[in-house]
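Dear colleague,

I am passing on the structure we spoke about, and the notes that follow it set out what was found. Please read them with the model open beside you.

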Amino acid sequence: MNIHEYQAKHLLAKFGVAVPFEIPARSLNEVRPAAEKIAASGSSKVVVKSQIHAGGRGKGMFKTGFQGGVKVAGSVDEAVGFAEKMLGNVLITKQTGAEGRQVQTLLLAAGAKIKKEFYLAVLLNRETSRPLIMASTEGGMDIEEVAEKHPEKIFKETIDPAVGIMPYQARKIAAALGLKGELFNAGVKLVTGVYNTWWECDASMVELNPLAVVELADGKETVMALDAKISLDDNALYRHKDILEMRDLNEEAPLEIEASKFNLNYIKLDGSIACLVNGAGLAMATMDIIQHCGSNPANFLDVGGGASKEQVTAAFKIILSDPNVKGILVNIFGGIMDCNVIATGIVAAVKETGLKLPLVVRLEGNNVLAGKKTLAESGVAIITGDSMADAAQKVVQAVGK
Amino acid sequence: MSILVKPNTKVLIQGITGSFGARHAQLSIDYGTSVVAGVTPGKGGQFFEHGGVKVPIFDTVADAVKQTGATASAVFVPPPFAADAILEGADAGLDLVVAITEGIPVRDMVRVKRALQGNTKTRLIGPNCPGIVTPGEGKDSHGGCRIGIAPGYIHKKGNIGVVSRSGTLTYEAVWQLTSRGVGQSTCVGIGGDPVNGTSHLDVIKLFNEDPETTGIIMIGEIGGSAEEAAAEWIKKNCKKPVAGFIAGATAPPGRRMGHAGAIVSGGKGTAAAKIAAFKDAGIGVAVTPSEMADVLLKMM
């Protein structure tokens with residue numbers, strides 16, 4: 001699960017990470033008082049930041065033509081003016097796709113005079129099965145680009161989960177970032193807090209880009225998280241009720257939410273051939289073979305190991321809600337599950353949804369003969385495939401006609 | 001021979017009284033696997049009965065091992081308790097702990113993996129895996145050792161080793177082999193999570209040493225770099241033909257494809273990179289999943 005920047009900073013602050021003075025606003029009524037509070041705190045600038053689950057907001061453009069999802073206002077009135085152009089409008093960035101995302105929350109933050117920008121992230125290193133802290137002096141940039149062009153500018157520190165982050169490890173990172181004096185100590189505290197946020201919240205990634213040295217109104221310098229991104233391990237949310245409440249359904253595709261209600265794992269894609277498969281690996285492989293046969297998959301859909309008639313019907317309805325779908329490929333390897341149960345479910349779903357599109361079914365495994373008989377005698381127009389390759393070719397051909 | 005388990009391996013089941021554990025305990029008993037004990041805390045002294053077999057239930061794994069001589073376990077306990085169950089199995093000195101449970105938090109597995117570091121006695125397979133099958137000699141491979149959730153009847157005793165992250169894709173490969181009259185030595189599902197106990201490479205090494213295994217099918221998927229590591233080792237050390245398939249060539253970056261580990265992030269773990277590593281290592285690449293068995297058989 002992903003959360004918004006303001007929610008991420010809220011979690012980080014709990015673990016002692018310094019963040020700017022900032023207030024989220026969900027409606028225009030909330031914007032002015034929030035901007036006034038920020039101005040009253042001594043900040044001459046108010047930053048207005050669109051809250052969506054996608055990067056590239058600063059360079060993004062609203063569907064209305066308004067440029068920039070992050071704006072720096074010199075006055076409260078200007079901040080309110082920006083907010084009016086952002087709130088409720090659809091922001092398109094390089095990560096949102098052409099459809100963009102509607103901005104439903106703004107984050108108003110005290111403007112900071114940035115002296116230096118860094119990158120800091122905590123993630124799992126799959127090769128060692130241990131947490132890894134990554135830091136770079138090249139903040140505010142695309143870190144993948146830095147990793148490719150200047151790998152020497154990325155500093156890595158592996159954490160032993162048995163003892164957690166040790167102070168010397170945080171000191172090594174602060175030193176690698178070139179922090180000195182009071183900033184060094186502040187950096188150590190911040191790095192420790194970021195790691196602890198990752199561990200204690202069961203995050204899959206915490207990323208600060210940029211982490212910055214900023215000059216405060218009184219001329220003193222400090223380090224703080226100017227932007228923050230946190231994604232969480234879905235499997236661990238059961239022990240974080242407070243974080244689960246941060247879920248924003250507006251950021252999730254409606255069909256994916258609907259699918260999750262039926263314990264179906266569905267991801268919408270851009271192609272025209274829908275697939276319904278049992279097992280994640282087989283589902284991926286089915287998508288691949290559709291592409292190999294010259295078409296493109298409309299979705300990833302794993303119905304799991306014990307699909308019921310209700311699940312199959314729900315799966316068909318979800319698939320058919322995608323207007324791009326021109327044909328359906330069902331690929332079931334019924335290891336333990338009974339192929340005849342699946343076949344009965346398919347026939348019922350076709351009848352209930354009044355399916356008109358070409359449907360190719362490949363069944364294999366337990367009680368497969370009875371399953372094939374059920375399909376053949378159903379009176380429903382179903383094309384059967386003998387193998388995955390055969391089924392994929394048939395559905396691509398049927399759609400191509 | 002086979003790897004990891006033999007047809008007569010004594011198996012215990014952690015979580016035998018849960019619906020999922022019970023169902024698969026029954027199927028393993030039906031397959032002829034020697035299921036000698038169950039563990040459910042608080043139900044010690046009771047019995048799990050199926051098909052004329054009476055399996056004693058114990059409160060602790062240590063007790064079960066002491067009383068029955070079990071050497072391998074299947075973990076079916078729910079995710080919040082799975083890390084504890086795995087480490088309990090290791091503490092009891094089992095040779096093999098196979099964690100079937102899906103949905104264990106990554107942090108729990110990071111701790112488990114750390115706790116098992118240096119433990120040369122117990123091997124963990126999984127979590128989130130279909131388990132292991134060493135086929136037997138009977139009809140539909142009856143009499144083999146089945147730990148986990150794979151369908152037993154699709155197997156056939158023989159000489160091909162199969163290792164995969166995915167369940168149904170493993171069954172697909174096994175079925176392709178069996179349908180062509182070719183049997184398997186052992187089939188291992190290592191699981192689709194980002195942190196797992198046993199890697200592709202670990203299993204490949206075992207197959208390489210096993211005199212009965214004459215060819216290997218390795219099935220991978222997007223995410224991580226375990227397939228690349230295995231390919232590199234195969235290039236230098238493997239004496240046997242290996243055919244491979246990588247699922248997820250069409251998966252968009254940043255989206256998790258069902259398995260927690262199946263995600264392309266930061267440009268790493270792409271199918272293209274893995275397939276290139278396979279080709280470089282002389283591994284026969286199945287372009288589509290329909291060809292996994294045929295590609296291997298052509299190499300042999």
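**Charges and overall form of chain B**

Chain B carries 29 positive and 25 negative side chains, and the centres of these two sets lie 3 Å apart. Please bear in mind throughout that this is a predicted model, and that the values below were computed from it.

As to secondary structure, chain B has nine helices and 14 strands. Its radius of gyration is 18 Å, close to the 19 Å that the globule rule gives for 300 residues, so chain B is as compact as a globular protein of that length. Taken along the principal axes, the box that the C-alpha atoms of chain B fill is roughly 55 × 40 × 30 Å.

Of the 300 residues in chain B, 61% count as buried, while the accessible surface of the chain comes to about 10,700 Å², with 52% of that area belonging to carbon and sulfur atoms. Among the contacts in chain B with a separation of 6 or more, 72% are made by residues 24 or more positions apart.

**Cysteines**

How many disulfides are there over all chains? The count comes to zero, taking a disulfide as a pair of cysteine sulfur atoms within 2.5 Å. For Cys145(B), which is in no disulfide, the nearest cysteine sulfur is that of Cys187(B), 12 Å away. Cys187(B) is likewise in no disulfide, and the cysteine sulfur nearest to it is that of Cys145(B), at 12 Å.

**A position in chain A**

Ala392(A) counts as buried, because its relative accessibility is 0%, under the 20% cut-off. Which residues are in contact with Ala392(A), once its neighbours within four places in sequence are left aside? They are Ile289(A), Cys293(A) and Leu329(A). As for Ala259(A), which is 133 residues from Ala392(A) along the chain, the C-alpha atoms of the two alanines are separated by 24 Å.

Notes
Residues are numbered from 1 along each chain as its sequence is written. Chains are lettered from A and ligands numbered from 1 in the order in which they are written. This is a predicted model: local features need pLDDT of at least 70, side-chain atom pairs count only at pLDDT 80 or more; totals for chains, interfaces and linings use all residues. Side-chain values use heavy atoms; hydrogens and water are left out. Helices (H or I, at least four residues) and strands (E, at least two) are DSSP runs, numbered from the N terminus. The radius of gyration is taken over C-alpha atoms; the globule rule is 2.2 Å times the number of residues to the power 0.38. Buried means under 20% relative accessible area, exposed over 50%, partly exposed in between (1.4 Å probe, protein chains only). Contact means heavy atoms within 4.5 Å. Accessible areas come from the Shrake-Rupley method with a 1.4 Å probe; for residues, only the protein chains shown count as cover. Lys and Arg count as positive and Asp and Glu as negative; His and the chain ends are not counted. The place of a charge is taken as NZ of Lys, CZ of Arg, CG of Asp or CD of Glu.
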